[in-house]
Amino acid sequence: MKRSKDYYAYMRSPKWRRKSQFCHRLTGHRCVLLPWRKSEECHHLHYFNFKHEMPWIDIVPLSRLGHSIVHLGLFWNSPLRPVMGCLLRISMFVAMVLLAISQIFRLIKSTMRVLLYS
Ligand SMILES: [Zn+2]
(Lines give C-alpha, C1' and ligand atoms only; values in the text may rest on other atoms or scores of the structure.)
Protein backbone atom coordinates (compact mmCIF):
# COMPACT_ATOMS: atom_id res chain seq x y z
CA MET A 1 0.00 0.00 0.00
CA LYS A 2 1.16 3.48 -0.81
CA ARG A 3 1.93 5.43 2.35
CA SER A 4 -0.35 8.40 1.70
CA LYS A 5 -1.20 11.36 3.95
CA ASP A 6 -4.43 9.49 4.73
CA TYR A 7 -2.45 6.44 5.90
CA TYR A 8 -0.34 8.46 8.34
CA ALA A 9 -3.39 10.39 9.60
CA TYR A 10 -5.16 7.08 10.32
CA MET A 11 -2.08 5.63 12.04
CA ARG A 12 -2.16 8.58 14.46
CA SER A 13 -5.93 8.43 15.04
CA PRO A 14 -7.58 7.38 18.32
CA LYS A 15 -9.50 4.75 16.33
CA TRP A 16 -6.26 3.01 15.28
CA ARG A 17 -4.78 3.41 18.79
CA ARG A 18 -7.83 1.67 20.36
CA LYS A 19 -7.80 -1.10 17.76
CA SER A 20 -4.09 -1.62 18.13
CA GLN A 21 -4.36 -1.73 21.96
CA PHE A 22 -7.12 -4.33 21.69
CA CYS A 23 -4.94 -6.39 19.35
CA HIS A 24 -2.06 -6.29 21.87
CA ARG A 25 -4.37 -7.32 24.73
CA LEU A 26 -5.51 -10.44 22.84
CA THR A 27 -2.04 -11.98 23.22
CA GLY A 28 -1.26 -10.47 26.64
CA HIS A 29 1.09 -7.99 24.92
CA ARG A 30 3.26 -10.76 23.44
CA CYS A 31 4.95 -10.51 20.07
CA VAL A 32 3.61 -13.26 17.78
CA LEU A 33 6.95 -13.71 16.03
CA LEU A 34 9.28 -13.45 19.06
CA PRO A 35 6.95 -14.41 21.96
CA TRP A 36 9.58 -13.66 24.62
CA ARG A 37 9.38 -9.98 23.61
CA LYS A 38 6.63 -7.46 24.40
CA SER A 39 4.40 -6.47 21.49
CA GLU A 40 4.67 -2.78 20.72
CA GLU A 41 3.39 -2.41 17.16
CA CYS A 42 0.62 -3.88 15.04
CA HIS A 43 1.44 -5.19 11.60
CA HIS A 44 -1.01 -5.18 8.68
CA LEU A 45 -1.00 -8.62 7.05
CA HIS A 46 -2.76 -6.91 4.14
CA TYR A 47 -4.70 -3.72 3.50
CA PHE A 48 -7.94 -5.15 2.10
CA ASN A 49 -9.83 -3.91 5.18
CA PHE A 50 -7.84 -0.76 5.77
CA LYS A 51 -9.53 1.36 8.49
CA HIS A 52 -11.84 -1.60 9.28
CA GLU A 53 -9.17 -4.06 10.42
CA MET A 54 -9.92 -7.05 12.62
CA PRO A 55 -7.15 -8.40 14.86
CA TRP A 56 -5.90 -11.80 13.65
CA ILE A 57 -7.66 -11.45 10.27
CA ASP A 58 -5.93 -8.25 9.20
CA ILE A 59 -3.47 -7.20 11.91
CA VAL A 60 -1.14 -8.96 14.35
CA PRO A 61 0.85 -7.66 17.37
CA LEU A 62 4.64 -7.62 17.02
CA SER A 63 7.67 -6.33 18.90
CA ARG A 64 9.77 -3.68 17.14
CA LEU A 65 12.40 -6.30 16.29
CA GLY A 66 9.77 -8.81 15.12
CA HIS A 67 8.17 -6.12 12.96
CA SER A 68 11.53 -5.29 11.37
CA ILE A 69 12.10 -8.99 10.60
CA VAL A 70 8.66 -9.34 9.00
CA HIS A 71 9.39 -6.35 6.77
CA LEU A 72 12.74 -7.69 5.56
CA GLY A 73 12.72 -7.96 1.77
CA LEU A 74 13.08 -11.73 2.14
CA PHE A 75 9.61 -12.02 3.72
CA TRP A 76 7.91 -8.88 2.48
CA ASN A 77 8.53 -8.48 -1.23
CA SER A 78 8.67 -12.16 -2.06
CA PRO A 79 6.46 -15.21 -2.45
CA LEU A 80 7.20 -15.92 1.24
CA ARG A 81 4.90 -13.06 2.30
CA PRO A 82 1.69 -15.14 2.41
CA VAL A 83 3.59 -17.96 4.17
CA MET A 84 4.83 -15.49 6.81
CA GLY A 85 1.28 -14.10 7.14
CA CYS A 86 -0.04 -17.61 7.73
CA LEU A 87 2.64 -18.36 10.35
CA LEU A 88 1.90 -15.10 12.16
CA ARG A 89 -1.83 -15.96 12.28
CA ILE A 90 -1.11 -19.47 13.61
CA SER A 91 1.25 -18.02 16.21
CA MET A 92 -1.32 -15.40 17.27
CA PHE A 93 -3.98 -18.11 17.60
CA VAL A 94 -1.68 -20.17 19.85
CA ALA A 95 -0.84 -17.06 21.93
CA MET A 96 -4.56 -16.28 22.40
CA VAL A 97 -5.34 -19.88 23.44
CA LEU A 98 -2.42 -19.94 25.91
CA LEU A 99 -3.53 -16.62 27.38
CA ALA A 100 -7.09 -17.91 27.78
CA ILE A 101 -5.83 -21.10 29.48
CA SER A 102 -3.61 -19.13 31.86
CA GLN A 103 -6.56 -16.87 32.75
CA ILE A 104 -8.76 -19.93 33.43
CA PHE A 105 -6.05 -21.37 35.72
CA ARG A 106 -5.72 -18.03 37.52
CA LEU A 107 -9.50 -17.99 38.05
CA ILE A 108 -9.49 -21.59 39.35
CA LYS A 109 -6.58 -20.78 41.68
CA SER A 110 -8.27 -17.72 43.16
CA THR A 111 -11.57 -19.62 43.52
CA MET A 112 -9.79 -22.49 45.32
CA ARG A 113 -8.04 -20.00 47.61
CA VAL A 114 -11.40 -18.47 48.57
CA LEU A 115 -12.98 -21.91 49.11
CA LEU A 116 -10.08 -23.32 51.13
CA TYR A 117 -9.08 -20.34 53.27
CA SER A 118 -12.33 -18.53 54.00
ZN1 LIG B 1 4.09 -3.95 9.26
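Predicted model: local features only at pLDDT ≥ 70, side-chain atom pairs only at ≥ 80, totals over all residues.
I then checked where Leu 62 sits, and it belongs to strand S2.

Is Leu 62 buried or exposed? I found 28 other C-beta atoms within 10 Å, so Leu 62 is buried; the cut-off for that label is 20 or more.

I also looked up the separation between Leu 62 and Leu 88. They stand 26 residues apart in sequence, and their C-alpha atoms are 9.3 Å apart in space.

Next I went along S2 to see which way its side chains face. Ile 59 and Pro 61 point one way, Val 60 and Leu 62 point the other way, and all of them are buried.

Which strand does S2 pair with? I found strand S1, residues 41-44, joined to S2 by four bridges, and the two run antiparallel.

**Helix H5**

I moved on to H5, which covers residues 80-117 and has 38 residues. From its first C-alpha to its last, H5 reaches 55 Å, close to the 56 Å expected at 1.5 Å a residue.

Which residues of H5 are buried? I noted Met 84, Leu 88, Met 92 and Ala 95. When I asked what covers them, the list included strand S2 (59-62), helix H3 (64-70) and helix H4 (73-76).

Two of the names were already in my notes: Leu 88 and Met 92 are among the buried residues of H5.

**Two loop residues with positive phi**

I looked at two backbone angles as well. His 29 has a phi near 60 degrees, a positive value in a residue other than glycine. I placed His 29 in the loop between helix H2 (14-26) and S1. It has 16 C-beta neighbours inside 10 Å, so His 29 counts as partly exposed.

The second one is Lys 51, where phi is near 75 degrees, again positive in a residue other than glycine. Lys 51 sits in the loop between S1 and S2. With 12 C-beta neighbours inside 10 Å, Lys 51 counts as exposed, because that label applies at 12 or fewer.

**The whole chain**

Last, I stepped back to the chain. It has five helices and two strands, and their order along the sequence is α-α-β-β-α-α-α. Why do I call the chain more spread out than a compact globule? Its radius of gyration is 17 Å, well over the 13 Å that the globule rule gives for 118 residues.

The C-alpha trace spans about 60 × 30 × 20 Å along its principal axes. I noted that 19% of the 118 residues count as buried. For contacts between residues at least 6 apart in sequence, 59% join residues at least 24 apart.

Note on methods. Residues numbered from 1 in each chain as written. Rg over C-alpha atoms; globule rule 2.2 N^0.38 Å. Contact = placed C-beta atoms within 7 Å. Expected span 1.5 Å × (residues − 1). Pairing = 2+ DSSP bridges.
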